[in-house]
Amino acid sequence: MTTPQPAASRCPAHAAARPSHPLPIYGPEFSADPHATYTLLRAQGPITPVEIAPGVWGYLTTTYRSALYLLRNTPNRFAKNPRHWQALVNGQVPPDSPALFMMQPRDNALWMDGAEHARLRHAITGSLVRVDTHALAATVTKIADQLIGTFASAGVCDLVGQYADPLPMLTMIEVFGSPPDIGQRIAIAIARLFDTDQDAAAANIDLEAACLALTHLKRNAPQPDVTSWLIEAGLTDEEMVQTILLVIGAATTPSSNLIMNSLQRIITDLRFAGSVHAGVQPVSDALDEVLWTDPPVSNYSPLYALGQQTFEGLVLQPGYPILVSFAAANGDPTLGIDPGSYAGNRGHLAFSAGVHACPAPDLARIIAETAIERALDRLPHLALATDQLVRRPGTFHSGFTALPVRFQPAAAPAPTGR
Ligand code: HEM
């Protein structure tokens with residue numbers, strides 16, 4: 001007898017004797033106050049059925065304990081490889097679904113299990129650990145100054161579009177030792193992939209061609225950079241392309257979100273506005289608080305039950321993605337954390353945990369801290385220019401659509417040559 005498979009386009013609640021109308025974790029209402037949804041979900045249990053995106057069903061963990069246990073202790077019971085996602089296998093995920101973009105597999109470490117994951121991850125961690133952190137801070141400072149130079153004399157800017165969004169991508173292009181022309185091709189193709197109006201297949205071809213060009217360049221002339229170190233670790237051309245995409249993709253949006261969410265907190269929260277500007281409370285305290293209360297990756301790390309599993313009292317059906325809510329775990333009231341004591345506490349799950357945990361939390365902090373310090377140094381009297389901030393809609397990331405600010409304009413550079 002075969003195990004009955006769930007109808008993948010239906011919601012798992014049908015089989016789990018749980019709420020018959022799972023709550024959505026997408027859309028403007030969710031994004032405006034995600035913790036209201038997490039509280040409702042947590043009241044149903046530590047792991048519950050949800051609607052991940054329109055017509056895409058799965059489960060979400062909402063407690064710290066369930067998140068940590070799932071991430072750390074269950075590689076034999078839950079897999080990362082989305083070939084276990086029944087709706088994907090059956091072609092039932094809407095082709096324009098944001099869930100597809102974020103959760104469909106690529107041939108890289110993020111979507112692999114066991115020995116294959118360990119081998120590719122070892123190449124990544126072995127390369128990232130060789131990044132000179134002082135040189136990285138200097139690179140970020142240089143890029144921050146270039147970006148700030150484009151708007152410093154205006155007295156106004158959008159800190160998302162003109163600063164937080166482009167800075168991590170420009171930084172990663174330098175970390176990979178990419179010449180400007182290939183770097184620009186990579187950045188444009190990734191932007192096109194995120195833009196749903198663009199032809200994703202064509203953008204993908206461009207992106208892979210640019211990463212292959214970078215690989216060939218570094219195979220012929222290695223330099224002290226991450227591309228050359230990944231090659232040195234023995235990756236094939238195909239593995240190089242997919243690994244470059246993974247590391248650049250994984251680094252950029254979360255780092256942008258951390259920069260914008262922290263800047264927003266520092267500018268608007270009197271505890272930070274009054275102290276960080278005056279140099280009393282370090283930016284790293286603001287980062288710790290944001291990583292706890294507004295993690296850049298809010299819900300992710302999809303996992304798939306290998307066969308029917310009972311987890312925290314719920315019978316989980318195979319074939320459905322189980323997302324870990326880093327945001328809900330960090331805000332779990334049973335942790336009993338005093339809101340004033342986040343500084344210096346690195347127990348949050350913003351960088352996930354277990355075998356797929358982020359391999360670069362230290363680099364991420366250097367990028368964000370340097371970028372924020374530079375903005376605070378160079379833009380005196382920084383203040384929000386609107387009281388209508390809008391959160392980016394979506395299940396997976398936490399950020400703002402824009403951060404319009406005003407500040408004391410820098411004097412225009414003195415004219416030269418007379
Ligand atoms: C604030 C910034 C960042 C945050 C919040 C963050 C968060 C995360 C999270 C939550 C995961 C787990 C994803 C999953 O299991 O599905 C992850 C994985 C990963 N991150 Fe980061 N990340 C950040 C920056 C970076 C940077 C700067 C790099 C590289 C330089 C990086 C490289 C990676 C890679 C390669 C993985 C996949 C690891 C694996 O599957 O074994 N991340 N990150």
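Reader: How do the axes of helix H8 and H18 sit, and at what angle do they cross?

Author: In this predicted model, local features need pLDDT of at least 70, side-chain atom pairs count only at pLDDT 80 or more, and totals for chains, interfaces and linings use all residues. Residues are numbered from 1 along each chain as its sequence is written. The axes of H8 (residues 133-149) and H18 come within 9 Å and cross at roughly 40°. Axes here are lines fitted to C-alpha atoms, for helices over the stretch in contact, and angles run from 0 to 180 degrees between N-to-C directions.

Reader: Why are H8 and H18 called oblique?

Author: Under 35 degrees counts as roughly parallel, over 145 as roughly antiparallel, 65 to 115 as roughly perpendicular, and the rest as oblique. The angle is roughly 40°, and H8 and H18 are therefore oblique to each other.

Reader: Which residues of H8 and H18 make the contact?

Author: Among them are Leu136 and Val140 of H8, and Ile366 and Ile367 of H18. Being in contact takes C-beta atoms, placed from the backbone, within 7 Å.

Reader: What makes S10 and S11 a pair?

Author: Two strands pair if DSSP finds at least two bridges between them. Two bridges join S10 to strand S11 (residues 404-406), and they run antiparallel. Leu384 stands opposite Val405 in S11. Helices (H or I, at least four residues) and strands (E, at least two) are DSSP runs, numbered from the N terminus.

Reader: What makes S5 and S10 edge strands?

Author: The open sheet has the order S5-S11-S10. Strand S5 (156-158) and strand S10 (383-384) each pair on one side only.

Note on methods
Two residues are in contact if their C-beta atoms, placed from the backbone, lie within 7 Å.
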